[in-house]
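Welcome! Take a moment to look over the model below, and then we will walk through its charged pairs and one of its helices together.

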Amino acid sequence: MMYTRESAEVFGIRLLGWLAGNEELLPVFLGATGAAESDLRAGATDPVFLVSVMDFVMMDDTWVVQACDTLGVGYDSVMRARQVLPGGEEVNWT
């Protein structure tokens with residue numbers, strides 16, 4: 001699927017919803033980013049916050065598979081959506 005900025009943001013919101021509902025992974029995300037649970041709602045309208053969600057999920061292939069299976073999308077969806085949001089053109093493979 002080809003993402004536009006708008007569709008990538010919508011996907012990011014869906015991914016954030018998946019993350020917020022994951023009782024085991026949400027505290028890890030909050031600890032890693034310094035965000036609070038109260039920041040999640042505001043973050044849904046911030047493309048930079050959605051990027052942080054995508055980058056976090058892409059840290060572990062298991063998380064990508066779980067999220068994509070739950071959302072009913074291909075395993076490359078997180079990466080493809082991430083590429084059209086701020087900073088996505090900057091590939092940094094470490």
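## A charged pair to start with

R80 is partly exposed, with a relative accessible area of 32%; here, buried means under 20% relative accessible area, exposed means over 50%, and partly exposed lies in between (1.4 Å probe, protein chains only). D76 and R80 form a salt bridge in which the closest N and O atoms are 2.5 Å apart. That term stands for a side-chain nitrogen of Lys or Arg within 4 Å of a carboxyl oxygen of Asp or Glu. By this rule, the count is three salt bridges.

## How to read the model

This is a predicted model, in which local features need pLDDT of at least 70 and side-chain atom pairs count only at pLDDT 80 or more, while totals for chains, interfaces and linings use all residues. Residues are numbered from 1 along each chain as its sequence is written, and side-chain values use heavy atoms, with hydrogens and water left out.

## Two further salt bridges

Side chains of opposite charge can pair when their charged atoms come close. R5 and E9 do this with an N to O distance of 3.1 Å. They sit four residues apart in helix α1 (residues 5-20), so about one helical turn separates them. Helices are DSSP runs (H or I, at least four residues), numbered from the N terminus. R5 is partly exposed at 43%, and E9 is partly exposed at 23%.

Where do R82 and D55 lie? Their side chains meet in a salt bridge of 2.7 Å, N to O. R82 belongs to helix α6 (residues 77-83) and D55 to helix α4 (residues 47-57), so this pair ties together parts that are 27 residues apart in sequence. R82 is buried, with a relative accessible area of 12%, whereas D55 is partly exposed at 32%.

Is α4 largely enclosed or open? Eight of its eleven residues are buried, so α4 is largely enclosed by the rest of the structure. Those buried residues are P47, F49, L50, V51, V53, M54, F56 and V57. Their cover includes α1, α2 (26-33), α3 (39-43), α5 (61-71) and α6, where contact means heavy atoms within 4.5 Å.

How values were computed
Helices (H or I, at least four residues) and strands (E, at least two) are DSSP runs, numbered from the N terminus.
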